[in-house]
Amino acid sequence: MPKTKYSTHLGMVDILPGEVEKWRALEEIIHEEAARYNFEEIRTPIMEQTELIKRGVGQLTDIVTKEIFAFTKGDSHYVLRPELTAPVVRAFVQHHLAQRGGAQKLYYIGPMFRAERPQKGRQRQFHQFGLEVIGSDDPIADVECISFMMRIYQRIGIKNFTLKLNSVGDPESREAYKSVLREYLRPNFEKLSELSKTRFEKNPMRILDSKEPEDQEFIQNAPVISDHLNEDSAEHFKLVCKYLDMRGIEYVIDPLLVRGMDYYTRTAFELTSPDLGSQDALAGGGRYDLLVEEIGGQPTPAVGFAAGMERLLIACDELGIQLADEKSIDVFMVCLGDAARDWVIGQLPTFREHGISTTMDYKGRSMKAQMKEANRQNARFALIVGDNELEAGKFVFRNMIESTEQQLSVDEIIAQFKD
RNA sequence: GAGCCUGUAGCUCAGUCGGUUAGAGCGCUAGUUUGUGGCACUAGAGGCCGUGGGUUCGAUUCCCAUCAGGCUCCCCA
């Protein structure tokens, strides 16, 4: 790229005309499906208190330790939100949404910020949509989340993916499992990767997620958490699977699936696609029964997911899926001479008031240039106005697709658009 | 945060084994058609060859740095 004086920050991109239409189409699908599932939209500020994100997402996570944009002004510590689960839960607690009764079913669409090295499918400002069910520990809540997520991809036509599912257990199961895992790994501690060594004490489950070659042989034969779930968590996981089966949603149980945020409990899931390259996660989520309390609310079980919109759009491009129709316009008005131009300037609002999309050339160019413009704008009709037409009160109404013309009055033209 | 690769017109890319005016296709503007688009032909506009420094008589071509992009690792959406 030749340098211009100003440009976007690293990893932050403009969404230009031609691209925006895809975003709107995607957003419309999300809003429609959310309505069908009876989820309500929530919009929270782009910035949150730093402490909320640290507590919510986890002090030791990569997101908090190296990926947040934060600054301080006066006594306030601001952070650009890196994800939306903690902020939504904050809103739930702050506004006492539990008082509305029942489980709160919330969804969101918006930009997130993480200070990572950009690459394909990874930006510093990126967009997610997602939802949270706060106030239910019923496995059906988990499955409704997953079902909604899958429904979006199904509607768009992305089929080439894998739904991975696991249970990371409740605190009791997890502590028991962590001990078992540590005992299993301890004899080979020295052979583990450096990264895994640092995780050994605090979060040995993350070792399962390691891609370091030296860790692989130990991971392969590691004890599996599903063998160490207590009765409640095991039953919960069983029901999640059962409901997924009932919905006909295919999944793969992946005992190594451990997700990045600290707040996950029990159900964890991730949707990956081979069409994305290295950053292959389309969406991910899970249950977070302890987060509401962690943030200062009453103990409240909850579950949710987040999906990357850029990654979804990349998958669409790879698969040749057109999300948006080519843009078009009903009528392009072509004028010859000053009198005709004045007439057109006066007529545009009339057409628009009748719901007809219309415009004219703003550059005072030749008729040929105006016709080319009409063509470029994908006009269905060109309305050609010259002195003859003004005198007769009948105008050349050209069908640009069929290349046919009629002589019509304004009323007759407008009538054509009445269905 | 680490490694590798790339950076020439709005876009996709040629090219210069270092040497006077840097090329194509698409797109854009206009003409061929003094009142008609999409096709064709013609012409034109548009590049400090990403930026800064070094080597050299001379660099867009070589070297270094930097910025940006891609791929991989890490991690996640």
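A residue is buried when its relative accessible area is under 20%.

**Figure 1. Overall dimensions of chain A.** The model is predicted. By that cut-off, buried residues account for 51% of the 419 residues in chain A. The chain contains 15 helices and 16 strands. Its C-alpha atoms fill a box of roughly 95 × 50 × 45 Å along the principal axes. The radius of gyration is 28 Å, whereas a compact globule of 419 residues would have one near 22 Å.

Figure 2. Helix α5 covers residues 139–156, 18 residues in total. From first C-alpha to last, α5 reaches 26 Å, close to the 26 Å expected at 1.5 Å a residue. The helix is mostly covered, with 13 of its 18 residues buried. At the start of α5, a side-chain oxygen of D138 comes to within 2.8 Å of the backbone nitrogen of I140. Just after the helix, G157 adopts a positive phi of about 105 degrees.

**Figure 3. A nonpolar surface patch at I46, M47 and F71.** These three residues, I46, M47 and F71, together present about 240 Å² of accessible area. M47 lies in strand β2, residues 47–49. M47 counts as partly exposed because its relative accessibility is 36%, and partly exposed residues fall between the buried limit of 20% and the exposed limit of 50%.

**Figure 4. The salt bridge between K394 and E412.** The two side chains meet at 3.3 Å, N to O. This pair links distant parts of the chain, 18 residues apart. K394 sits in the loop between α14 (387–392) and β15 (395–399). E412 belongs to helix α15, residues 410–416. Both partners are partly exposed: K394 has a relative accessible area of 33%, and E412 has 34%.

Figure 5. The closest N and O atoms of E19 and K22 are 3.6 Å apart. E19 is partly exposed at 31% relative accessibility. K22 is also partly exposed, with a relative accessible area of 22%. In the second pair, the side chains of R43 and E41 meet at 3.0 Å, N to O. R43 is exposed, with a relative accessible area of 70%, whereas E41 is partly exposed at 32%.

**Figure 6. A network of salt bridges.** E32, E33, R36, R151 and R155 are linked to one another in this network. The model has a count of 25 salt bridges.

How values were computed: Residues are numbered from 1 along each chain as its sequence is written. Chains are lettered from A and ligands numbered from 1 in the order in which they are written. This is a predicted model: local features need pLDDT of at least 70, side-chain atom pairs count only at pLDDT 80 or more; totals for chains, interfaces and linings use all residues. Side-chain values use heavy atoms; hydrogens and water are left out. Patches are made of residues with over 30% relative accessible area and no salt bridge: like charges are joined within 9 Å, nonpolar side chains (Val, Leu, Ile, Met, Phe, Trp, Tyr) within 5 Å. Accessible areas come from the Shrake-Rupley method with a 1.4 Å probe; for residues, only the protein chains shown count as cover. A salt bridge is a side-chain nitrogen of Lys or Arg within 4 Å of a carboxyl oxygen of Asp or Glu. Helices (H or I, at least four residues) and strands (E, at least two) are DSSP runs, numbered from the N terminus. Buried means under 20% relative accessible area, exposed over 50%, partly exposed in between (1.4 Å probe, protein chains only). The expected span of a helix is 1.5 Å times one less than its number of residues. A polar contact is a pair of N or O atoms within 3.5 Å; within protein, one must be able to donate a hydrogen and the other to accept it, and residues adjacent in sequence count only if both atoms are side-chain atoms. The radius of gyration is taken over C-alpha atoms; the globule rule is 2.2 Å times the number of residues to the power 0.38.
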